[in-house]
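How do the chains of this model meet one another? The paragraphs below take one interface and then another.

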4 protein chains.
Amino acid sequence: MPIQENDYVLILAPDDKTFLSQVSSEKKLSTHLGMLNIADVIGKNYGDKIVSGLGNEFYLLEPTTWDKMMKIKRLTQIIYPKDASIIIQKTGLGEGMRVVETGTGSGSMTIALANAVKPGGKVYTYEKRDQFRENAMKNLQTAGLSEYVEFNAGDAREGFLQTDVDVALIDLPSPWDGVPAAAKALKGGGRIASLSPTFNQVEENYKHLEEHGFIYLETVEVLVRNILVREGKTRPTQRMISHTGYLTFGRKINK
Amino acid sequence: MPIQENDYVLILAPDDKTFLSQVSSEKKLSTHLGMLNIADVIGKNYGDKIVSGLGNEFYLLEPTTWDKMMKIKRLTQIIYPKDASIIIQKTGLGEGMRVVETGTGSGSMTIALANAVKPGGKVYTYEKRDQFRENAMKNLQTAGLSEYVEFNAGDAREGFLQTDVDVALIDLPSPWDGVPAAAKALKGGGRIASLSPTFNQVEENYKHLEEHGFIYLETVEVLVRNILVREGKTRPTQRMISHTGYLTFGRKINK
Amino acid sequence: MPIQENDYVLILAPDDKTFLSQVSSEKKLSTHLGMLNIADVIGKNYGDKIVSGLGNEFYLLEPTTWDKMMKIKRLTQIIYPKDASIIIQKTGLGEGMRVVETGTGSGSMTIALANAVKPGGKVYTYEKRDQFRENAMKNLQTAGLSEYVEFNAGDAREGFLQTDVDVALIDLPSPWDGVPAAAKALKGGGRIASLSPTFNQVEENYKHLEEHGFIYLETVEVLVRNILVREGKTRPTQRMISHTGYLTFGRKINK
Amino acid sequence: MPIQENDYVLILAPDDKTFLSQVSSEKKLSTHLGMLNIADVIGKNYGDKIVSGLGNEFYLLEPTTWDKMMKIKRLTQIIYPKDASIIIQKTGLGEGMRVVETGTGSGSMTIALANAVKPGGKVYTYEKRDQFRENAMKNLQTAGLSEYVEFNAGDAREGFLQTDVDVALIDLPSPWDGVPAAAKALKGGGRIASLSPTFNQVEENYKHLEEHGFIYLETVEVLVRNILVREGKTRPTQRMISHTGYLTFGRKINK
């Protein structure tokens, strides 16, 4: 189906730089390799190319969840796609599930969660800081996933409105602030996941998880190393991100 | 909803050993911590516990995709959940998408793919060795995901029957054997992913990917380190899996 | 110079298994690939081979410090050569320097220290448990480095007998127990190194290091990944040691 | 012994920035935290402090080998101390040994080698590019290790002048160019070490090593991760060097 007005497109420059853009017949996109006339995109298909004012070819790609997460407007630290990937598989998310998340932050994880449960499921995300919540709402709109997300201004320490949810994702500076609320919201056998930058936070969190009926606790760190592939000279890149946070998982039992 | 006959349950022993079992009123499960009467499970809820003949408590958990992948009967090397997680996010899989996969192997990746696209999508998986295909079919049944998978005995070198698919996953000893077929099956902007244990295979694969209209090529390795959490003594585990394979990603353009 | 009675030799089997043996005309060495007559070694040179009773060829190699460290009789956990290597360079050890070490443990680190400062320097090593100290003394003898080491039965908490030493190495369960003694023993600008398996110990140690006049504190972890090299199929090994301990370094100022 | 004219001193700023300086009564050192009068250093001891024109305290430290390696003037890529540390232990270097090295590059590895074999041993280092050799000579002088190094303008492909050496270190773009020369220069049981950024180079090197009588071949990669230690908030740094090169080791047999 050809690309239409209001669709989102990931535009790939010849040097592998990318631009996430909403299609509009009025729009022009200024790049380091020339001006792009976004009207040219309309009627093309993903996989086609357009040419910049400077004569460079740009390809039109369908944005993936990973692309969308990396392109959001960030007002906070985000959960990186590498960590989000492991969280989604480890908690067993799938279409139709219901998830609570706190805090929303800039919404990068919310995008991954919404993509995993859509269209039958729902993400209930809590962010008490108005500025962040409003930014995240816009980011979810850009990602085309707003309808699967319910935004809430409440504080996790006061509990979630939902019950019987499948998964709870806690991304708070003190993740244990969200543990009692998660324990109430989750169904039996439901999964909790949280992310903390230090071991001390992980240890503190374990105490609260154990108190609130979580078992089968596991913690991992995820490292992704980029490989520079060149004929006969392939090697890892010389620098990498060596730390984001430790991921902790548990399952809710019925006491 | 209470657990019924034929449901699947992940049974957690007090020492965190797990058993994936289909519920049947006749079944007994012999464990290192006593005999379990599977009839006891019927009518309980996920999160409840049962007691073994030796008096030990076992918890009843809902199996996640990750659990299912690790519990399949293996006749081949499998794609590990850590790699599957990154593949699914990086290729942007979601409900309703259509994926081709070759080869099926033992079906661990097929489980992850089916879970990502269900219920509206479909995985078309190719495995020419009958013994492996039949084992994988049983594994998908155990995972409760058979209806989202179409098994095929064809060889990827002879092409796929599908066109306009969103994602192609190539897990062959020589991944380039599947590249021409993937290029024909994928829609414009569709994503390809493959896994190879060596750099030489990655390099060879790049040549074929470039020839067949794939761009934005990326290769990564994923390392997951387990953390042993104990009050005041948290540290990484002393041994880890340090290599499975390199993951390569690309996107299809229209030539 | 040909190998003589009482020399040490590293004997390499065809499958890369190694045996560290002291040469004696009476000795026989039973291996998985046949019996070796150690008398055959006398008069040969390093790099020569001998043949086992089963007709297999074994090579005679000069033991390196690394070999010696890995071949000691272990009654305790040892500091691994990967960590010892970094400690020796980071503390700037060289011929003629004087080092205090506590505790000796099985003496693997003592071997590395003695090799670094010999012949003009000295390692003063403290181990209060008689059984460990006696084992370490034998290990140092096997390594041919006894004359550069002074063994001491004292407890680090009661102080070291030496002053004006260049480097202090603390390998205690609570490394801060050795910090006051190290601060007194070290000359101005002297280096301290310690190894701890957990972050909490590192943090506690920092408090004591700062209190006792240590500055320029640094902590690292060292990971060594083995590569399996085979024509066209080179890849990392599938498992690795992912944690031994965190290394902490500091320098002594004059207060 | 107090610091004298012409001694080297590592000067540590309050923010852990360091300056390696040769003492001279005339010299002034301009820093981001004020001007230092180097004449003030004379007569002080390592571990003492001096005060800058802006009133900041700087500590006087004894430079370690690691410090010296990092502070050389670089005209080429250098072998990093993390890799040098492993090379020195793995090849069993110690006082009195004789080593050949090619190419010298900027001399960072030469510093580590000279420190390991001094005073009775010698490093014979080969660098055919005059500009690099002259820079390395100055760097060795700054490190105070010139007298243990013999510089040579020859090309490794034409052989080394030395025989019966203990260790050969090959740091060439095509390390196999140095293998035949190393095989001739090494004594039986002698150790070779080389560093290559890619697997393909490692594989090619293995062929030449095997042809020239090297056995017990091993390849490793060394990763050092810095830990940011802060009370209750300790964590790895967020970025790290993820690749320098693969280290290959072997031992020479007598054919």
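The model shown here is predicted. A place to begin is the interface of chain B and chain C, where 21 residues of chain B are in contact with 21 residues of chain C. Together the two chains bury about 1,600 Å² between them, and 45% of that area lies on carbon and sulfur atoms.

Two salt bridges are counted between chain B and chain C. One pairing of this kind is that of C:Arg225 with B:Glu221, whose closest N and O atoms are 2.9 Å apart. The count of residue pairs in polar contact between chain B and chain C, with both residues at pLDDT 80 or more, is eleven. On the chain B side, at least two residues each come from α6 (199-211), β12 (214-228), β13 (235-236) and β14 (239-241). Sorted by class, the side of chain B that touches chain C has seven nonpolar, nine polar and five charged residues.

Strand pairing also links these two chains. β14(B) pairs with strand β14 (residues 239-241) of chain C in the antiparallel sense, over three bridges. Within this pairing, B:Arg239 has C:Ile241 in β14(C) as its bridge partner.

Next comes the symmetry of the pair. Chain B is superposed on chain C by a rotation of 180° with 0.0 Å of shift along its axis, and the RMSD is 0.0 Å. This is the relation of a two-fold axis. B:Met240 has the C-alpha that lies nearest the axis in chain B, 2.8 Å from it. Both copies use the same surface, since 100% of the contact residues of chain B recur in chain C.

The other interface is that of chain A and chain B.

How many residues of chain A are in contact with chain B? There are 63 of them, and they are in contact with 63 residues of chain B. The area buried between chain A and chain B is about 5,300 Å², and carbon and sulfur atoms give 56% of it. The residues of chain A that lose the most area to chain B are A:Gln89, A:Glu203 and A:Tyr216, which together make up 13% of what that side buries.

Across the interface of chain A and chain B there are ten salt bridges. In one of the salt bridges between these chains, the side chains of A:Lys207 and B:Glu231 meet at 3.8 Å, N to O. Residue pairs in polar contact, both at pLDDT 80 or more, number 25 across the interface of chain A and chain B. Strand β12 (residues 214-228) of chain A gives the most to the side of chain A that touches chain B, namely eleven residues. That side of chain A divides into 25 nonpolar, 18 polar and 20 charged residues.

Definitions and conventions:
Residues numbered from 1 in each chain as written. Chains lettered and ligands numbered in written order. Predicted model: local features only at pLDDT ≥ 70, side-chain atom pairs only at ≥ 80, totals over all residues. Heavy atoms only, no water. Contact = heavy atoms within 4.5 Å. Buried area = accessible area lost by both parts, 1.4 Å probe. Salt bridge = Lys/Arg side-chain N within 4 Å of Asp/Glu carboxyl O. Polar contact = N/O pair within 3.5 Å; in protein donor to acceptor, adjacent residues only side chain to side chain. Helix = DSSP H or I, 4+ residues; strand = E, 2+ residues; numbered from the N terminus. Nonpolar A, V, L, I, M, F, W, Y, C, P; charged D, E, K, R; others polar. Pairing = 2+ DSSP bridges. Least-squares fit on C-alpha atoms with pLDDT ≥ 70 in both.
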